[in-house]
Amino acid sequence: MILVLGAAGQLGATIVERLRRRTGAPEAAALIALTRRELDVADARAVGDAIRRHGPALIVNCTAYNDVDGAEEDATTALSVNAFAVQAMARGAAEVDATLVHYSTDFVFDGETDRPYREEDRARPLSAYGASKLLGEWFAADAPRHYVLRVESLFGGPAARSSFDKIIAGLVAGRDVAVFSDRIVSPSYVEHVADATLALVSRRAAGGVYHCVNTGATTWYDAARHIATRLGAPQSLLKPVSINDVTLRARRPRYCALANEKLRRAGVSMPRWEDALTRYVDKTLPGIGS
Ligand SMILES: NC(=O)c1ccc[n+]([C@@H]2O[C@H](COP(=O)([O-])OP(=O)(O)OC[C@H]3O[C@@H](n4cnc5c(N)ncnc54)[C@H](OP(=O)(O)O)[C@@H]3O)[C@@H](O)[C@H]2O)c1
């Protein structure tokens with residue numbers, strides 16, 4: 001049985017949909033998908049109870065406190081959801097002998113580099129959010145078998161709430177869109193992250209930390225230009241902004257591309273970010289590019 005936590009989130013909903021398609025209606029009981037309403041993971045005791053009650057072979061944790069600026073003011077909530085909840089999941093996984101899949105972030109790094117980060121590079125978070133996610137990674141390692149999959153600039157969930165969705169909406173509406181020209185990332189399409197997650201687990205790949213991002217690196221500005229080209233929207237709507245010109249409560253890493261060779265060596269290749277964005281734009285606005 002598979003237990004998905006955070007089932008209504010961007011990634012959670014995608015994984016649930018993928019598993020439902022795979023398992024099919026007759027085996028629907030093989031999947032338990034819990035939203036925040038059904039299980040508040042900040043309640044560590046409730047997390048342990050749920051894991052013991054369902055006895056899953058696999059726990060996929062898609063819950064997160066993702067408000068990067070909010071975490072500076074409310075580190076307690078960030079820590080309870082991003083770290084101590086994961087500790088409870090890892091302990092539960094140990095009790096029922098389950099594999100734990102947990103997701104983390106590029107924000108565990110400080111961005112002071114000029115080449116894509118590898119899994120073994122030293123983490124040095126700049127923000128309370130990043131620190132809470134790093135602690136969650138460490139706690140996840142208490143599970144007997146665990147995968148910590150670092151993703152970044154995630155997009156493609158059913159609620160269409162990502163930064164890429166805002167760029168698409170602005171361009172379609174003919175509005176100016178401000179985008180960072182000096183933050184470098186490796187975008188992650190939820191469909192590809194879901195595929196990679198299930199492939200790693202079914203291949204019984206070695207446990208540990210993996211960078212689970214689309215292949216390649218880009219500035220937000222170049223990614224937005226790629227979207228504009230696909231949409232046939234004027235590039236002039238895109239207004240490049242420097243990270244130094246914007247005051248945000250939490251510091252962001254400047255260079256945070258992630259190298260995904262370890263994932264590839266485990267037999268899971270991720271499409272390039274350009275292909276992922278093209279697929280997403282075409283799926284969001286059918287008829288584009290045809
Ligand atoms: N989004 C990104 O760009 C990004 C970047 C790097 C890493 N990640 C990581 O990728 C993973 C998936 O992110 P995502 O974008 O899918 O996040 P998301 O859309 O914000 O989903 C997170 C889910 O967790 C739920 N949640 C929050 N607090 C909870 C609690 N106390 N108990 C139970 N559920 C709770 C949320 O419920 P509500 O909807 O009710 O709040 C939401 O459904 C996370 O580990 C995240 O840190 C994401």
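Which helices and which strand each supply at least two residues of the shell around the ligand?

1. Helix 1 (10-23), strand 4 (99-105) and helix 5 (128-140) each do so; helices (H or I, at least four residues) and strands (E, at least two) are DSSP runs, numbered from the N terminus. Strand 4, with three residues, gives the most.

2. The model is predicted, so that local features need pLDDT of at least 70 and side-chain atom pairs count only at pLDDT 80 or more, whereas totals for chains, interfaces and linings use all residues. Residues are numbered from 1 along each chain as its sequence is written, and side-chain values use heavy atoms, with hydrogens and water left out.

3. Among the 24 residues around the ligand, those that come nearest are Leu-11, Arg-36, Asp-40, Asn-66 and Lys-133 (a residue is near if one of its heavy atoms lies within 4 Å). The shell comprises twelve nonpolar, seven polar and five charged residues; Ala, Val, Leu, Ile, Met, Phe, Trp, Tyr, Cys and Pro count as nonpolar, Asp, Glu, Lys and Arg as charged, and the others, Gly among them, as polar.

4. Ligand oxygen atoms lie 2.8 Å from a polar backbone atom of Gln-10, 3.1 Å from a polar backbone atom of Leu-154 and 3.2 Å from an N or O atom in the side chain of Tyr-129. Of the 900 Å² of accessible area that the ligand has on its own, the protein covers 82% (Shrake-Rupley method, 1.4 Å probe).

Definitions and conventions. A polar contact is a pair of N or O atoms within 3.5 Å; within protein, one must be able to donate a hydrogen and the other to accept it, and residues adjacent in sequence count only if both atoms are side-chain atoms.
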